There are 2 protein chains.
Amino acid sequence: MKMEEFEVNPWDVKGVVDYEKLVKDFGISRLDEKVLKRIEKITGELHPMLRRGVFFAHRDFEWLLNEYEKGNKFFLYTGCGPSGPLHLGHIGTWLFTKWLQDKFDAALYFQFTDDEKFLFKNKSYEEIQKYLEDNMADVAALGFDPRKTHFLIDTRHASLLYPIAIKFAKKITFSIVKASFGMTNEDNIGKIFYTAMQAAPAVVPSVLAKKNIPCLIPLGVDQDPHFRVARDVYPKLGYYKPAILHSVFWPALKGPEGKMSSSDESSAIFLHDTPKDVERKIKKYAFSGGRDTIDEHRKLGGNPDVDVSFQFLKFMFIEDDAELARIESEYRSGRMLTSELKAIAIKKINAFLKKHQKKRAKITQKVLERNWLWAS
Amino acid sequence: MKMEEFEVNPWDVKGVVDYEKLVKDFGISRLDEKVLKRIEKITGELHPMLRRGVFFAHRDFEWLLNEYEKGNKFFLYTGCGPSGPLHLGHIGTWLFTKWLQDKFDAALYFQFTDDEKFLFKNKSYEEIQKYLEDNMADVAALGFDPRKTHFLIDTRHASLLYPIAIKFAKKITFSIVKASFGMTNEDNIGKIFYTAMQAAPAVVPSVLAKKNIPCLIPLGVDQDPHFRVARDVYPKLGYYKPAILHSVFWPALKGPEGKMSSSDESSAIFLHDTPKDVERKIKKYAFSGGRDTIDEHRKLGGNPDVDVSFQFLKFMFIEDDAELARIESEYRSGRMLTSELKAIAIKKINAFLKKHQKKRAKITQKVLERNWLWAS
């Protein structure tokens, strides 16, 4: 794969992603100043991920704001594919989703795609179910409002989702799935059908309430093809097209290619990692924008734009723009060394994980059943 | 289509079916004397549909009898695709299934494939649901033991069926579905997935009981491809391959080509038909094996082998072999005219429908919910 080549689909991200090209290829819109201003006017402030371009694109988001301003409230839909322990790359979207829930007082439907992961991964049904339980506890600990949040599990809630999914499926041919996801005749028929299950939650509240309710989906941009495929089907079934906010990929520990992956230990910091794990991984693996020697670094300065520790701080761990700007300028000038930058990242990440792990310990199977899982 | 050409798949039957060729093409076994004797030894008598070759072939049925004789009891699985009102062509298999239930004291899982009919037919979801309610009432009225019979609706019981179906789906490629059902890239992804939903009920009791239980599926031979596709998957998932009993097609009113169809009023006698409807349809449409003139008929005799009224009597409405033989010989000799044969058929069919309609009137939505629908 040449440097300028990259590939983004829901199951694979390869190469260095050119987001400008992606916006054009996917036919999505940049989140420009005008849209950001409209959000700020409603919410009173912009989330750091909006200010810093982590969420960078959208579909129909201006329409959604129009509806919101007319009093037509939306609900949120996002999801998690349980195929391994969760890492920092997963939760950015969800923390942003929590912010949206708080600011817009929105219900959230959170889909766990255990069917997808079983069908696409070389893992047993039982393994996937184990990760499902594990991932649900982590998600529940992120701070969503349990009274307004409903976990949907594709297998367990299939009596709700499958009857909706077949309505999408009836209007999607294998040709479309082939073109959109690069599937072949040798792919299994569950994979081929699956995209219909991912389309369904965007209308679940409308189905339940028997009226059309706008939907906003915050997602990693790799998930966009599912909704590109289903996009034209929503109105055919009498529903609004869901609005979408797209995030860039969380950088992998080892550098700018691809994304964090739960199947590669050295590519990710997991939510269950100990302070020692985090220290070791950041020190050993975190791709550095520093120079080869201290002398050179002092003279020429570091490059925060490719430095993974800096990117972590920017993406999630430093809210204050002034503080982030100070670190950026110190590092760029060479006054701050990579070891010092890494020390900040380790401290911030560990503070976050300590709090998270404490909250997570309280999420038992019983708490999930009682407070989080959707019940008809 | 030339006379010797025919086509049989779960959604289409064309031409005059050559069952001898079908047995070879499908790789199924004839129900021969030896097997019939074994059944008779256990059940004490042979059902007319076995004596007369309506059920003519099988898969693994001898294995099933071996297991039964060892004390390893089987359950029954059959189904109904709700896309219109039920007709006589549908219920032959089910009446035979009831006999098996009684004789072998077997539980029955009865699948209603509302997803299939929605995905394959140009009908709305609501239409299919209407026929589902209608068909369930008819099936419940056929005399199954409600304590041992469980209706599974693909959409409504998807939380039970979908998690099983994806285990089959993971091991079935589009290439296989393409080759087995003649699907193309332009078929919708729900149709492509569907066969996995039909494979699932054959292991539902095993899944629920957490042990392997043999399964017997009585079906019209057009449904065999579903189980040919799933056949090798059952043992891979740790289950027995289901045994199958195959029936020929119920003759269509208008003659030996194809089968009765609920979408063609003149091809079928419906369970809701009035005595006048039946009389009119038999007189007007029922293909006759008689001669062009009474003189000729008296001289040369009629042909009961192609006469639809006679076939109806043989398939379902006359149990007594001596009585059937007498009618056959009278007709063949020319002593019995077509009008007389038709009068017998009209009388027998109407007697059956009168009883059925009386029982059916008692099957309300509440009765279905309480006595028939599977509940976890």
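A residue is called buried here if 20 or more other C-beta atoms lie within 10 Å of its own, exposed if 12 or fewer, and partly exposed in between, with C-beta atoms placed from the backbone. Keep that in mind for the walk through this predicted model, in which local features need pLDDT of at least 70, side-chain atom pairs count only at pLDDT 80 or more, and totals for chains, interfaces and linings use all residues. Residues are numbered from 1 along each chain as its sequence is written, while chains are lettered from A and ligands numbered from 1 in the order in which they are written.

Let us start with two loop residues of chain B. Asp105(B) is exposed, with 10 other C-beta atoms within 10 Å. Its place is the loop between helix H5 (88–104) and strand E6 (108–112) of chain B; helices (H or I, at least four residues) and strands (E, at least two) are DSSP runs, numbered from the N terminus. Although Asp105(B) is not a glycine, its phi is positive, about 50°. Asp60(B), in the loop between E4 and helix H4 (61–69) of chain B, also has a positive phi, near 55°. Asp60(B) counts as buried because it has 20 C-beta neighbours inside 10 Å. As background, most residues other than glycine have a negative phi.

Now for the sheet. In chain A, 7 strands form an open sheet with mixed pairing, in the order E3-E4-E9-E8-E5-E6-E7; two strands pair if DSSP finds at least two bridges between them. Strand E3 (29–30) and strand E7 (149–153) of chain A are the edge strands, each pairing on one side only. Helix H7 (residues 125–140) of chain A packs on this sheet, where it touches strand E5 (75–80), strand E6 (108–112) and E7 of chain A.

Strand E9 (residues 243–247) can be followed in chain B, where 5 of its 5 residues are buried. On one side of E9(B) are Ala243(B), Leu245(B) and Ser247(B), and on the other Ile244(B) and His246(B). Strand E4 (residues 55–59) of chain B runs antiparallel to E9(B), joined by 4 bridges, with Phe55(B) and Ser247(B) as bridge partners. Strand E8 (residues 215–220) of chain B runs parallel to E9(B) over 5 bridges, and there Ile217(B) is partnered by Ile244(B).

Next come two helices of chain A. Helix H8 (residues 158–169) and helix H10 (residues 189–199) of chain A pack at an angle of about 115°, with their axes 8 Å apart; axes are lines fitted to C-alpha atoms, for helices over the stretch in contact, and angles run from 0 to 180 degrees between N-to-C directions. The residues in this contact divide into 9 nonpolar, no polar and no charged.

Finally, how do the chains meet? In all, 31 residues of chain B are in contact with 31 residues of chain A, contact meaning that the C-beta atoms, placed from the backbone, lie within 7 Å. Helices H6 (114–120), H8 (158–169), H9 (174–181) and H10 (189–199) of chain B each supply at least two residues of the side that touches chain A, and H8(B) gives the largest share, 7 residues. The copies meet through the same surface, because 100% of the interface residues of chain B are also interface residues in chain A.

Key: Two residues are in contact if their C-beta atoms, placed from the backbone, lie within 7 Å. Ala, Val, Leu, Ile, Met, Phe, Trp, Tyr, Cys and Pro count as nonpolar, Asp, Glu, Lys and Arg as charged, and the others, Gly among them, as polar.
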